[in-house]
Amino acid sequence: GDRSAGGDSHVVRDQLRSVQQLQATRYAFAAIRTDGSVVTWGDGAFGGDSSEVEAYLKGVQQIHSTHYAFSAVLADGSVFT
């Protein structure tokens with residue numbers, strides 16, 4: 001698939017282990033791992049780069065998406081967008 005649209009996960013391939021949930025926006029993907037961490041890839045304008053908020057994405061239980069963004073439900077029930 002189109003690399004800029006998340007169609008190539010080779011950059012994060014080593015991080016895509018023990019994935020429990022996968023969600024997509026229009027041009028990006030987000031995966032929750034069993035340890036509650038999140039891996040994203042694809043177009044940064046569509047949520048494909050979560051490096052700036054990685055510290056906040058701990059204990060993620062669910063990810064929801066729109067066409068343009070992701071939101072995460074954390075273990076304490078709070079929502080991070």
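Contacts between residues 24 or more positions apart make up 32% of those with a separation of 6 or more in the protein chain. The model is predicted.

**Overall form**

The protein chain holds six strands and zero helices. Its order from the N terminus is β-β-β-β-β-β. The radius of gyration is 12 Å, which agrees with the value near 12 Å for a compact globule, because the chain has 81 residues. Along the principal axes, the C-alpha trace spans about 35 × 25 × 20 Å.

**Strand pairing**

| Pair | Residues | Sense | Bridges |
|---|---|---|---|
| S1 and S2 | 19-24 and 28-33 | antiparallel | five |
| S2 and S3 | 28-33 and 38-42 | antiparallel | five |

S1 and S2 form a hairpin, with three residues between them. Ala24 has Phe29 in S2 as its bridge partner. S2 also forms a hairpin with S3, and here four residues lie between the strands. Within that hairpin, Gly36 takes a positive phi near 85 degrees. Ala28 stands opposite Gly42 of S3.

**Burial, surface and charge**

Of the 81 residues, 28% count as buried. The protein chain exposes about 5,000 Å². Carbon and sulfur atoms supply 47% of that area. The side chains include 6 positive and 9 negative ones. The centres of these two sets lie 6 Å apart.

Technical notes:
Residues are numbered from 1 along each chain as its sequence is written. This is a predicted model: local features need pLDDT of at least 70, side-chain atom pairs count only at pLDDT 80 or more; totals for chains, interfaces and linings use all residues. Side-chain values use heavy atoms; hydrogens and water are left out. Two strands pair if DSSP finds at least two bridges between them. Helices (H or I, at least four residues) and strands (E, at least two) are DSSP runs, numbered from the N terminus. The radius of gyration is taken over C-alpha atoms; the globule rule is 2.2 Å times the number of residues to the power 0.38. Buried means under 20% relative accessible area, exposed over 50%, partly exposed in between (1.4 Å probe, protein chains only). Contact means heavy atoms within 4.5 Å. Accessible areas come from the Shrake-Rupley method with a 1.4 Å probe; for residues, only the protein chains shown count as cover. Lys and Arg count as positive and Asp and Glu as negative; His and the chain ends are not counted. The place of a charge is taken as NZ of Lys, CZ of Arg, CG of Asp or CD of Glu.
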